[in-house]
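Open your viewer and get ready to click along.

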Amino acid sequence: MVDLPLMTKLMQALPPNAQVILLGDKDQLASVEAGSVLADMCDGDVQHGYSLETCEELNSLLKMDLSSHVEQTGARLREHICHLRKSFRFDEQSGIGLLASAANAGDVSQWQALVNQDFADLNMLTLSDSNFDLFIQQAVNNYGQYIQAIEGPYEQGSADQQALHIHQLFTQFQVLCALREGTLGVSGLNDAIEQGLAKKGLIDPSTAWYLGRPLMIMQNDYGLNLYNGDIGLILPQKNEQGEVTLKAVFVGSDQQVRWLQPSRLPLHETVFAMTVHKSQGSEFDHCAFVLPDYDTQVLSKELIYTGITRAKTQLTCLSQPSVLQAALSRQVQRASGLRDRLWMEPSDAQGDPKTHVNGEACDGKPQANDSSQYSLF
C-alpha cells in the first residue's frame, strides 16, 4: 500500500548502510496513489530463481537440493526475494483458500467450479433484491452481537477489559465493498445496516454519538495519536463523579485501551461497511463482501483477491456473475518505471551483479554524488 513518492522519501531518509525488510502481499491492491512498489520489486508474476552460489549456500544450510531453482542470469534483486506460500489465516484447501487462488490467477472457470461446490466456509449470493435484503439482515444479526454485549456493563460504564472484549466481538465480522458511494457502496450499506439495527432497537441513530457506533478515523491527528484507518467504538465510561458518559474507545496494537471525547476526534465516518482498500492489513473471522451491480475500472482481480483474503473462517459474497467475471479478467497495470529500473539489467554469467542508476553502470553501492542510490536490502 506504500505509494512510489512515499517509498522514495523513505529510501532517501535512510543511511546508505541501512538494511530494509519489506513484508507484504504483492498480489493485493496497490496504493491509491501512484505506483505498485512491492509488485514491481517482486517483478510481478514472474517466478525467479537464485544464483548458483546462493543455491549452494542454501543447500548446505537447509540440507535440501535446490538445484532446480538456479537461475544463471537475473537482476541482483532476485537474491533478496522470498515468497511465503503457506497461509496461516486460512487453510489453502478451504473454500476461502481455493477461491483466493482462483481470484489471484484470474481464473473465471475455476472460480465458477468452486462456487458450484458445497464449501461450509463460503456463502455465495447472486445479487437480487431479495438477496440484498437477506445480506443486510445477516449483517444486522452479526453486528447485533457486539452491540448486545454493551448492555450488560452500561449502567456501570465499560471498564478497559470489557471495552477490549467488545472490540474483539466487533472485529469478528466486517462488511467490505468496492465503492464509497451508492446503494452497494460504503454510504448506502452503512445507512441500510444502521436502519436495520435501529428497527431491532439496538441503536438510536438520531444522535451522532449513539451507543455502539463504530467509526473509522479518516485523517491523521498526531496529537491524539490517531491515524487514518484506526477504528473505534462509542462506549459508556464512568467518570470521577460516578456519571456514565459516552466516549470513543480505541484499542492499540499493544492492546492498550484509550478513551477519548468524541468531540475531539478528527475527520471520521461510520464503519459498519468499509472499502476493500481500507481493509488491507486487517483480518476478520467473517467477511461479507459486496460488489456493485455494474462493471467499473475499479474492479480487478487484485480487489477480489484482497477482499477474499481478509476472511479467516467465513466468507459471504454478494455479486452479479457478469460483474464478477469482468473483475476477475481485469488486472491492474501501472507503469511507474520502477520495475524496469530494478529488473532490466541482469547480472553477468560470472555472478557479478550490475545495475544501472541514472544511466550509469554501478555495483549497487551508493555513490557520493547520488543520494538516491540506496541498497534496498
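Start by selecting S300, which sits in the loop between β9 (284-290) and α10 (301-308); helices (H or I, at least four residues) and strands (E, at least two) are DSSP runs, numbered from the N terminus. You are looking at a predicted model, where local features need pLDDT of at least 70, side-chain atom pairs count only at pLDDT 80 or more, and totals for chains, interfaces and linings use all residues. Residues are numbered from 1 along each chain as its sequence is written, and side-chain values use heavy atoms, leaving out hydrogens and water.

Is S300 buried or exposed? It is buried, at 1% relative accessibility (buried means under 20% relative accessible area, exposed over 50%, partly exposed in between, with a 1.4 Å probe and protein chains only). Now show L29, A327, R330 and V332: leaving aside neighbours within four places in sequence, S300 is in contact with them (heavy atoms within 4.5 Å).

Next, go to the aromatic rings. The whole structure has 6 aromatic pairs (rings of Phe, Tyr and Trp, its six-membered ring, with centres within 6.5 Å; planes under 30 degrees apart are stacked, over 60 edge-to-face, the rest tilted). Select Y143 and F170, a stacked pair with 5.8 Å centre to centre and 25 degrees between the planes. This pair links distant parts of the chain, with Y143 in helix α6 (residues 129-151) and F170 in helix α7 (residues 160-170), 27 residues apart. Y143 is buried at 1% relative accessibility, and F170 is buried at 2%.
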